[in-house]
Each structure stands twice: as C-alpha cells, then as structure tokens.
Amino acid sequence: MYFKDREDEVELRVRSKESLDNGREALLSSPSTSNKPVIRSFDCILVAHIIEDEGDQTFKKQEAYINQLRAKKMKVTQIIHENKVFYGVRAPEEIFEKYKYLLKVSDSCNWVCKQKDYVPNTTRIRVVHFILHHTFIGTGEGLRDLVRQNAFETLFCLHETKQQRYLKKKWANWGAIRHLIYQPVNDIREYFGEKVALYFLWLGWYTRLLIPAAIIGVIVFLYGLAFFNTNPLIKEVCESNITMCPACDKRCLVWNLSDTCVYAKVSHLFDNEGTVAFAMFMAVWATLFLELWKRHLSLHVSRWNVYDWNEDEEELILELVNEPHCKPKLYVHSYLRSIVELVLVTLVLVVIIGLTHVLVICRVASAMLLYDSSWKFLSENASVFAVMLGAVVHYLTIQIMTRVNRFVAFKLCSIEKTRSFAATERSFTVKMFTFQFFTLFSSLIYVAFFLGRINGYPGNYVRIAGNWRLEECHPSGCLTDLFIQMAIILVLKQTISNIFEFAGPWLKLCLKRTVFRKQLRKCGNCYRKACREGGADIEPCDICNLRDWLKNYHLNTVNAFSLFNEFLEMVIQFSFTTIFVAAFPLAPLLAFINNIFEIRLDAIKMLRLERRIVPKKTNDIGVWTKVLEAIGVMAVIANGLVIGISSEFVPRLVYRYRYGPCANGTATDIQCMSGYIGYTLTTAYTSDQKVRQDFTFDQMLNNTYCSYKDYRNENDHSFTSQYWLILAARFAFVILFEHVVVICKFIVAWFVPDNPLQVKNSRLSDKLFRLKDELWELSQKYDNRSTDV
C-alpha cells in the first residue's frame, strides 16, 4: 500500500480534490479566463523590398529564411504591395504547448498556465520574436544579419485595435491628466507585458511618493521667504557700508556690499536652518521610497504569477522551443577584456571630467567679458549672468555627450561579449548611467565644493593661463550659484526634453500620414461581410490584413532600448531630486509636476505614435534597483557635504556660540548674529605691494583698502584660528550628519520589510495548492495502477 492508512488516503484525496476544484472554479470565473479569445492577428510582420532578380544573393537569402520558418511549421502569409512584400508570421499552437509544458516543469514555473486554454498575445509575440531572431539560414546568418544586408527591412508586431482603443480612452490621452497618477497597470501588463507595466508602475509610485517631498520642500522654501525682510544677516548686508575688492581685473571697480542686497535675500531662501532638516528628510525619503517600492512591486508580481520567474530558465525554455537539440550558452569571463574595458571606461570618465574643466574656463572667460561689457546692467550682474550662461552651456554639453556616451557604452558592451541580451542591457545600463552621472554632476560638484575656495586672495590670485581670475563666492555664500545651476539644468532638461520627446515622433507621424493615406487608397476597400462582422472563426481577408499591417508599419520605429531611455530619464531626475537637494528644495515639486505629464506623454507615445514594443517578461526593474540604491547613498554624502562645506550653516553656528555677541550669554537672541558678515571678511590694504599689482589705482577709486570673503590675517594673509576651528566644525558636522542619516536609513530599511504579509501568505497557499494538485494526480495514477492489477 502507498498510504499506511486507507482512511487518511481517502481524506487527503477528498481535500486535495476540493482544493483543486475550488482553484479551477476561481480561475474559470475570473474575467481574464472566462472567455477563450480567438487569436486572429498575426504574431509578427516581416517587411522586405521586392527583388525581381531571382538569381540575386539577397533574394536567395530572403527565400532561404522564409523556408526555414516554414520548416519550423510557421504559417507565413505573403502580401505584395507596391515595391514591398509583407510576410505575416503566425506560430502553430504546438510551439506554445511546448512552452507551457516546459514552463510548468521548470523551477520558475507559472502554474496558472496549466489551467488556461490559451496563451496570451504578449506571450505569443515574445516567443515568436525570439524564434525569428534565432532562426538561421545555411550560411549561419540570422535575422539581424539579413536586416543589415537589406534582405529584410524591418520586423514589428501588431497593435490590437480593440485593446488599443480601450487603453487610449482610459489611459493614453491628455484628458487623463485629471486622474494625476492613476494607471490601469493590469491592462498595461496584458497589452505590453510585465517589463513595460513595471516601468509605469514604478513611475506612478515614484510620482506618488514625491507628494510629501514636494510639500515639505515648499514649506522649507516658504520658511526662508517668511524671514525675507527681517533676517538680521540680510539687514546687515543691505545696510552695510563695507567696500569690497574688485571682482575682476582691469575694468572692475570696488563695490559696496549693500549693492548685493537682492543676492543676499535669494541666498537666504536656500541657505537656512530648514535646509538641514530637509536634506536629512530627503536622504531618509530615498530609502523609504525604495523599501515601499519593493513592497509595492512584490504585491503586483505575486498577482501576476511571475514572483518566481527566472531569466535564465526562461531563456533555456525559449531555446528548447526553438531548437530541441540546442546547447546552452555558457558563462564566459576574460580578465584581459575586463582590464581593457576598465581602462577604456576610466579614459571616458577622464574626458568627461576634462569637459568640466572646459566649462569652468568658459564660465571664467564669460564673466571677464561681461565685466568688461559697456552695458552697465551686464557688467553689474556679470557673476550672475556667468553662472546662468554656464548652466545653459552645460545643458547643451549634456545633450551632445548623451549621444556620445550612448555610442561609447554600446562599443564597450560589444568588447565585453555578454552572454545574452538581458546581460548586455544590464551592462549597458551601468555604463550609460555612470557616464551620464559624471556628465551631469561634474560641473555641479565644482560649483558645490570648489567654487570660491581655490581662487586665492588679493596679491595672490589663482589665474587660468596667467590671465583670468577664478570666480569668487558672494559674501552670503556659494549655495545660490549651485541653486541657479541646478534650477536651469533641471527646468531645461525637463521641459525641452519632453517637448522634443513628444514633438519629434508626432511630427514624423504627421509627415508619414500623407503617404500612408495614399497607400491605403491603393489597397482598396473590403466589401466582405464576414470581415466587417468579425467573429470567433472568421479569418480576415488580405485587404483587411494589409490595411492593418500598413497602419502599424507607418508608425514610428521602436528599438530594444526604447524603455531604457525612459528609465534613464527618470532615474537622472531622481538623482537631481535627492543629490544636492539641499541647494534646491523645490526640485521635488518640479519633478512631481513634470511626472504628471511624463506618464501621459510616455503612454501616448508608446500606444499611439510608435509600433508595439515587444512584450518582455520580468519580475523587477532589473539593475535600476541597484542604481537607485547607489543614488540614495550618494545623496547622503552629497547633502552632508553641501551643508557642511558649501552652506554657511556651520560658520553661523560657530559664530553664534563662539565669537558672536551671544557667546558670553549676555546678548538677546535677536542680536546673536550681529556683526557676522563683517566677521567673515578680511581687509586688503593697497600699502601691500602685491595687492597693488592686482588692483590698479583707477579700480580702487582712491580707497586705500577693500574687503574680501575669507578668514585670513590682514598682515600676512595667513589663515586665522577661526578658519581652522570652522574647518574642524565643518568636518565634524559632515561626519555627524552622515552617521545619523545612515542609521536612520538602516532603521527604515529594517522596519519596512520587502514583502507584505499578504504576499507571503498568498505564496504559501499557492505552493500548498500546487503540492496538493500534484499529490492528487499521483494518487489518481496510483488508483489506476491498482485497478489494472
């Protein structure tokens, strides 16, 4: 006997049968499986130019490839239109039966496929697309080689008219903006596959979590605005009679500190006590966002039955479906290639950092030219205009370097020789993001940590090529320069990039529309009653098929890295929202407003302006999760350094409790910061011969001295004891800030588990159900065997 106790056997068999029946009833009653859809459309469409010479090698390769598809029992329907030939490819059900069976017996089994009577269109397209790209002719050439040789023009999959119309109405239209971040993620997944659905799921979740960050950022901004006119530091600047040293050589004159009253007010908006709290909040927010995203992701992939999906097993299954006698692609590694790749990546980063130095030179040169301008308005505000001009030039550099970085990253991936497309995509993602990060943030790093700290002092200024003086910080601090740089780049990048991202495909489609309408007229009209009525067993005629194929053919092309571009854009925005956010508290608000439009823009572009992207199966956003975690760590470091080094927060604290009127506890709180601006300045006298070499008699306007921002002795210009104390306090603050924030991040990561209890319990019940199902089948076999005996 198989069971020790016959009563236990019967009871277990009944319970297993009840569980199985209940599960089957639940599946059959669900909306997605209640009606078996009839697959009428073709899985993929191949397009080629007509070659009349049958002796031509290209024609022979074309015919050989189509014959190879037919040898795999693919149904290939050929329709000729003008100078092109369209091949509609439809795979037999036998292929998908193999796929479902192999999926069931694999470790990453999606057991629900066993219960379904059909294969979703997303799966059909994915399987057929894989087979088409892994079908080779006698010469060993595949589809990619034949496309490069112009044997075929393109390959694309078809939009489904009914589902496309439904998603247009519910999701992919500008009117849906009123729903803010609502998205029918399950419908997106059924139409575009899990990979696209997870992108929009992540984008919606990111946008939702931006709401609290945007609110607190606005509160911090309003806090600075509330003390706009009453802050004692601002009053000290605006009412000052201090004469400052010339900001440049030759035409620059001495100036009054009170002339920069507006600049001091703007500086206080982004350099106040609330900035510190906001930077700490955003560092913790980045961790909280990631942890909550993992829970949100886990919930959806569990519902979609891809929680246990495995990339390698999926690839092996597709390989076996395509070729039963295939051999696995082995993992290979070459230390020589890795060293070459590392050296080349380093060289690219050196070039990008070199471009940052060029941008610095451009800023310095433009500032000197503006100071020498005959226009009084330009010469008086030369430093501000130089920062703005530098930001615009930086943005243009970003646009150019983005294309260069993409080309270089592709070439490096070809050297690496990755095992699969997924591995290539991961490697390309890491390289491209690294290049883009240095391209975007190298200039910001200079402004944040080097601007005004390496320029020297009167009598010993640091000059580029011995002519141009490096820039100086305003007496109110350097944080405003960082804010201006970030604001311009972020606004330009979001607005202009989105305009081109949508306007480009839309204009291309408008230009193609005239040609498309002419071709539709040449197709003729279908008068077949069955085609208009449709139905379960109706096969569309060639005219209907051709009209549908032409409609999809004239849409904008889409490549395998289209979704990567969308992810990269949003992750770069996430970097701006978290790194250096201490200098720009309004960044989360701008990101939130942009994303409201970004969701609809991407949806409209993907559904209405472009060909249907090939559905891909996955259960996470891939290497982007690691990239986001790295950005969270960099946000802690960068914001700590910005507040500790770039901001005036630490020097103000030192002055308040060490050198100011409140140091002895006798002054009132309002007077604690009295005299701070003068405390941060040092006087240079024209009696010093070196000072006279930098400033001419005309520049000084008969003044025998002027002030500049630094902590130096007036006699020998050496650093004062205050400088070293403030420097020590700055580093102490950075260490304290980062340790506190890192501890908070660890606590948040521990407190918020990756998987909700609902997912854990659901997976536990699912495994038990599958085991009962297998045990029930085994008991059925045992009963049949016992009956035969």
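A patch, as the word is used here, is made of residues with over 30% relative accessible area and no salt bridge, and nonpolar side chains are joined into one within 5 Å. The structure is a predicted model. In it, Ile743, Ile747, Trp750 and Phe751 form a nonpolar patch on the surface, and together they have about 540 Å² of accessible area. Phe751 lies in helix H28, which covers residues 721–751. Phe751 counts as exposed because its relative accessibility is 62%, and the cut-off for exposed is over 50%. In an α-helix, residues three or four places apart point the same way, because there are 3.6 residues a turn.

**The chain as a whole**

The chain has 789 residues, of which 51% count as buried. It contains 29 helices and 12 strands. Among contacts with a separation of 6 or more, 79% are between residues 24 or more positions apart. The accessible surface of the chain is about 38400 Å², and carbon and sulfur atoms account for 60% of that area.

**Helix H13**

Helix H13 runs over residues 311–322. From its first C-alpha to its last, H13 reaches 17 Å, close to the 16 Å expected for its 12 residues. At the start of H13, a side-chain oxygen of Asn310 comes to within 3.0 Å of the backbone nitrogen of Asp312. The buried residues of H13 include Ile317, Leu318 and Val321, and also Glu313, Glu314, Glu315 and Glu319. Against which helices do the buried residues of H13 pack? They pack against helix H3 (93–105) and helix H5 (121–133).

Asn272 is found in the loop between helix H11 (261–269) and helix H12 (273–303). Its side chain reaches the backbone nitrogen of Gly274 at 2.9 Å. Leaving out residues up to four places away in sequence, Asn272 touches Val220, Tyr223, Gly224 and Arg652. Asn272 is buried because its relative accessible area is 1%, and buried means under 20%.

Glu82 sits in the loop between strand S2 (75–81) and strand S3 (84–90). Although Glu82 is not a glycine, its phi is positive, at about 55 degrees. Asn305, in the loop between H12 and H13, is also a residue other than glycine with a positive phi, near 60 degrees.

| Residue | Relative accessible area | Class |
|---|---|---|
| Asn272 | 1% | buried |
| Glu82 | 39% | partly exposed |
| Asn305 | 31% | partly exposed |

Methods
Residues are numbered from 1 along each chain as its sequence is written. This is a predicted model: local features need pLDDT of at least 70, side-chain atom pairs count only at pLDDT 80 or more; totals for chains, interfaces and linings use all residues. Side-chain values use heavy atoms; hydrogens and water are left out. Helices (H or I, at least four residues) and strands (E, at least two) are DSSP runs, numbered from the N terminus. Buried means under 20% relative accessible area, exposed over 50%, partly exposed in between (1.4 Å probe, protein chains only). Contact means heavy atoms within 4.5 Å. Accessible areas come from the Shrake-Rupley method with a 1.4 Å probe; for residues, only the protein chains shown count as cover. A polar contact is a pair of N or O atoms within 3.5 Å; within protein, one must be able to donate a hydrogen and the other to accept it, and residues adjacent in sequence count only if both atoms are side-chain atoms. The expected span of a helix is 1.5 Å times one less than its number of residues. Patches are made of residues with over 30% relative accessible area and no salt bridge: like charges are joined within 9 Å, nonpolar side chains (Val, Leu, Ile, Met, Phe, Trp, Tyr) within 5 Å. A salt bridge is a side-chain nitrogen of Lys or Arg within 4 Å of a carboxyl oxygen of Asp or Glu.
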